[in-house]
Amino acid sequence: MDARIEDYALIGDEQTAALVGRDGSIDWLCLPRFDSGACFARLLGEDEHGHWRIAPKAAEGNKRGCTRRAYRPDTLVLDTEWDTPDGTVRVTDLMPQREHAPDVIRIVEGVSGRVTVRSTLRLRFDYGSIVPWMRRSDGHRVAVAGPDSAWLRSEPPVHTWGEDYGTHSEFTVGGGERVAFVLTWHPSHERRPGLVDPYEALEDSLTDWRRWAGRCRYDGPHRDAVVRSLITLKALTYAPTGGIVAAATTSLPERLGGVRNWDYRYCWLRDSTLALGALLTAGYQEEAEAWRNWLLRAVAGDPAALQIVYGVAGERRLPERELPWLPGFAGSSPVRTGNGALDQLQLDVYGEVMDSLSLARGAGLPTRPHMWAIQRALMGFLESAWREPDQGLWEMRGDARHFVHSKMMVWVAADRAVRTLESHQELDGDLEGWRRLREEVHREVCEKGYDPERNTFTQSYGSRALDAALLLIPRVGFLPPDDPRVIGTVDAIRAGLGHRGFLRRYDSEADDEAVVDGLPGGEGAFLACSFWLADALHLTGRPQEARELFERLVRVANDVGLLAEEYDPVADRQLGNFPQAFSHLGLVNSALTLFGAEEAG
């Protein structure tokens, strides 16, 4: 496969998502949930690992892909068009909001001339490892293997046949003529779900998405990019629970050919404050409340057992394993499912949870009876555990250290607890004890995590390494933006971690940091951190530089406005899982920071 990560667009139904390539092929789809086994896994392998391509017959072997593509404005409905010698044809892709079963709808429409179109469907359940048994029933092609069943039909029916373990169709459309394909999944032990009308589903999806996008309160520069990011975040939300997955994919590499390939189809606590802030400020209180409620359910229980990542319904067991039959994107192996980092101690997540719940309370979201009890329990754990070393925000797989960002977030936890008690005197808590904790942590970080010789905070106590997470110091209120130590840290990070106008999160290739990272090889510029740099430049009085960086970052998005986790400015390629919630949250929050609160509201 010669595809690039940025060649893909996203469709989804808020319970799972598919990636559609420029060649008209759906190369990634997990059913029925984001974290289920993939029935199309060509993204991480070859044709035989599952895909569904619809394109003009004349375009077979054309590596350039379609002539043009775009989302319908303010929706997640994708149009892909090809100009051929015989005419122009359009394929419209969507996944409508499901009532019971997930559907993928692909509508082929002739625009001009008469164009012959071919559909090739290769279903491969369990991440491309299982070829299903195919049969015909009531005008459908039915695939069954173990717990999975999928039904394919077209309206009107077209010539369809089986060949080479695939289902093929070929037909010709003229201007204004349409053929719709519907692929429906359901558990194989259940009866086939009711049929969905593909044309009604298209109109309903357009209406629903445009109504949702119309609620956005932001009206500043780059509004289209902000709305596209918000739509992407909505698409990455698991609607039944409100959880937001970090990305729709697993194992897209942070370095082509490397081993930094992780499963991001889960919900990270680190995203909680950024997600809540973006949703609330942009006008999406319902979604913010749903995410807050997911957070409360996920973290309930023993504070010492708090994880950094959970399943979309709050599941705690996400065992990490490798899939050796998949060669990986661009030969980047291993391909992994699950995430072993969930067992790490990361003190920062306690601060992120406390900050999120404080933000939710301050924004007027309805409180829950157990919310403050959970917060008190988290603080009780931190009072004794904060002195421990941990793995840090970036889930370091080397030895535990005293990461400065982690300690700073302990300070955030104490600060938000104190502020909550000061403004809500009806609540019980150890106000004086938490004030002392706040002061002690602040003092220690400033003594042990700051390098006065270089005027910068460092990645960990006693280290000379830098960490882009320290750009958040003024955002969380640990120090004011005009403090010389903040300005020095921003400048040091920009100089030390800058990479051709963007920013790495830390130096993953320095010899003395190999033990910290615990992994071989480097990675690209981290897009969320680059947005944090734009915010920090703005907050420290350099708005023009901040806006120039923001403009540069917006241009990294692909032709349909999507961002991966990282970017290689040398090869001009996106890297990492895609699309990435952390990157899109960075874009939304930076727009709100740089262009002023007056643009939202």
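Two strands count as paired here if DSSP finds at least two bridges between them, and strands themselves are DSSP runs (E, at least two residues), just as helices are runs of H or I with at least four residues, numbered from the N terminus. By that rule, D568 stands opposite R573 in β28. This is a predicted model, so to speak of local features takes pLDDT of at least 70, side-chain atom pairs count only at pLDDT 80 or more, and totals for chains, interfaces and linings use all residues. Residues are numbered from 1 along each chain as its sequence is written, and side-chain values use heavy atoms, with hydrogens and water left out.

- β27 (residues 566-568) runs antiparallel to β28, and 3 bridges join the two.

**The largest pocket**
- Rolling a probe the size of a water molecule over the atoms shows where empty space is left.
- The search uses a 1 Å grid over the protein atoms alone: a cavity is a set of points where a 1.4 Å probe fits but cannot get out, while a pocket is an open set with protein on both sides within 12 Å along at least five of seven lines, and lining residues have an atom within 4 Å of a point.
- Grid points are joined across faces, edges and corners, and a volume is the space filled by probe spheres set on the points.
- The largest pocket holds about 630 Å³ of space.
- Its lining has 29 residues, and D23, R42, R53, G61 and N62 lie nearest the centre.
- What is that lining made of? The count is 15 charged, 8 polar and 6 nonpolar residues, where Asp, Glu, Lys and Arg are charged, Ala, Val, Leu, Ile, Met, Phe, Trp, Tyr, Cys and Pro are nonpolar, and the others, Gly among them, are polar.
- β3 (25-30), β5 (51-56), β9 (103-122) and β13 (159-163) each give at least two residues to this lining, and β5 has the largest share with 4 residues.

- Across the whole structure, the search turns up 6 cavities of 30 Å³ or more.
- The largest cavity has about 160 Å³ of space.
- It is lined by 16 residues, with E254, W262, W394, E395 and R505 nearest its centre.
- Those lining residues split into 9 charged, 6 nonpolar and 1 polar.

**Helix packing**
- Axes are lines fitted to C-alpha atoms, for helices over the stretch in contact, and angles run from 0 to 180 degrees between N-to-C directions.
- Helix α6 (residues 348-362) packs on helix α7 (residues 371-385) at an angle of about 150°, with their axes 11 Å apart.
- That makes α6 roughly antiparallel to α7 (over 145 degrees; under 35 is roughly parallel, 65 to 115 roughly perpendicular and the rest oblique).
- Helix α5 (residues 285-299) meets α6 at about 140°, with axes 11 Å apart, and the two are therefore oblique to each other.

- L31 and P32 are joined by a cis peptide bond, with omega of about 10°, and P32 sits in the loop between β3 and β4 (38-40).
- D126 is not a glycine, yet its phi is positive at about 55°; D126 lies in helix α1 (residues 125-128).
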